[in-house]
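Please open the model in your viewer and keep the selection panel at hand.

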Amino acid sequence: QEMLARVETTLRSQRLEKQLQEQTEQLAALNQASNAITTSLEIGPIAETTVDGARQVLRTELSAIFLPEGAHDANHNGDDVGRGSKRADVLHCRAVSGVARPDSFHDVNPGQGAIGATYASQQTLCYNDLQDTTPQEVESHPAAFDAQVDSPRGVELKNLLVAPLMIRSRSVGVLLVANKKSGSFGEVDQELFTSLASAVSRALE
């Protein structure tokens, strides 16, 4: 029994060391992505850098950024994002990294699905084990995941993390990562993701 206790202690230490190493690597990736994002001056490069960085930091199969259709590329500022279009409130997938393309996603209205709910509520939403969740359990969530809205065509989502992009207390977009390569999204993932979303928001301002 003493031998078993030693083995358990060793295994626990190894798991902790592995977790610490993974978190250190994630923090380094976050710092690198944040620096790259904040040095961009146009929305297009910001969006592309963001989705690549988010997928690397969170270690997911998919990342996407949604911006209002009125957002444009040059000389942007916080007042420009979301204006200049008849459909300024409609969220359009601006860039994707991973197993989908921007045109694989539907345009999203505020409050529609998890993406629209994040934009409207200005709250980060996390969904784990979507494949094991019954429709009734999904619908009972205050911001119901809607596969018809939130999933890109041809891709089944296993888990999903969605954060608002905000400028001066106003929603200006949504950042999404999905299908974590190992396990589910935890508290550390959510904190890293929120930090990345804040960096993106500063770059868009």
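Select strand β1 (residues 60–68), which is joined to β2 by 7 bridges, the two running antiparallel. Strands here are DSSP E runs of at least two residues, helices are H or I runs of at least four, both numbered from the N terminus, and two strands pair if DSSP finds at least two bridges between them. Within this pair, Ala64 stands opposite Val96 of β2. This is a predicted model, in which local features need pLDDT of at least 70 and side-chain atom pairs pLDDT 80 or more, while totals for chains, interfaces and linings use all residues. Residues are numbered from 1 along each chain as its sequence is written, and side-chain values use heavy atoms, without hydrogens and water.

Turn now to Glu61 and Lys158, which form a salt bridge with the closest N and O atoms 3.9 Å apart (a Lys or Arg side-chain nitrogen within 4 Å of an Asp or Glu carboxyl oxygen). Glu61 lies in strand β1 and Lys158 in the loop between α5 (147–150) and β4, so the pair ties together parts 97 residues apart in sequence.

Finally, select Asp189 and Lys180, whose side chains meet in a salt bridge (3.4 Å, N to O). Asp189 is buried at 7% relative accessible area, and Lys180 is buried at 10% (buried: under 20%; exposed: over 50%; partly exposed: in between; 1.4 Å probe, protein chains only).
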